[in-house]
Amino acid sequence: MAWFTANIGYHHIHHLNARIPFYRLPQVAREIPELSMPRSTSLHPIEILRCLRLKVWDVDLQRMVGLDRAMRQPAPVL
């Protein structure tokens, strides 16, 4: 059933790196400690609204931040 649903329970990992094939998502979740115990939220209306305000991942802070905060930071030099 996990193959049929494309490991939907690990879909959040796909959003971190879309190049990871769906059949490898459980392995990635086991091998990366930060992904093995993701935070969960309830369906309480306040928490849903808080989630909707999250926009982008801040690598330095290692958390989601609003787009306004991300735009204030200098662009990385490539």
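Here is a short walk through the structure above, from its overall layout to its core and its surface.

This is a predicted model, in which local features need pLDDT of at least 70 and side-chain atom pairs count only at pLDDT 80 or more, while totals for chains, interfaces and linings use all residues. Residues are numbered from 1 along each chain as its sequence is written, and side-chain values use heavy atoms, with hydrogens and water left out.

Let us start with confidence. The average pLDDT (the predictor's confidence in each residue, from 0 to 100) is 76 for the protein, and 76% of the residues score at least 70. Among the elements, the lowest mean, 70, belongs to helix H5 (residues 67-72), and the highest, 88, to H2.

Now the layout. The protein has 5 helices and 2 strands; these are DSSP runs numbered from the N terminus, with helices being H or I of at least four residues and strands E of at least two. Read from the N terminus on, the order is α-α-α-α-β-β-α. Contact here means heavy atoms within 4.5 Å. Of the contacts in the protein with a separation of 6 or more, 2% come from residues 24 or more positions apart.

Next, the interior. Of the 78 residues, 13% count as buried, where buried means under 20% relative accessible area, exposed over 50%, and partly exposed in between (1.4 Å probe, protein chains only). In soluble globular proteins, nonpolar side chains tend to be buried together. A nonpolar core is a set of buried Ala, Val, Leu, Ile, Met, Phe, Trp, Tyr and Cys residues joined through side-chain atoms within 4.5 Å. The largest one here has 6 residues: Ile-13, Ile-20, Leu-25, Val-28, Ala-29 and Leu-35. Helix H2 (residues 25-31) gives the most to this core, with 3 residues. Leaving aside neighbours within four places in sequence, Leu-35 touches His-12, Ile-13, Leu-16, Val-28 and Ala-29.

Gly-9 sits in the segment before helix H1 (11-16) and counts as exposed because its relative accessible area is 60%.

Finally, the surface. The protein exposes about 7200 Å², of which carbon and sulfur atoms supply 62%; accessible areas come from the Shrake-Rupley method with a 1.4 Å probe, and for residues only the protein chains shown count as cover. Val-59 lies in the loop between strand E1 (56-58) and strand E2 (63-65), and Val-59 is exposed, with a relative accessible area of 58%.
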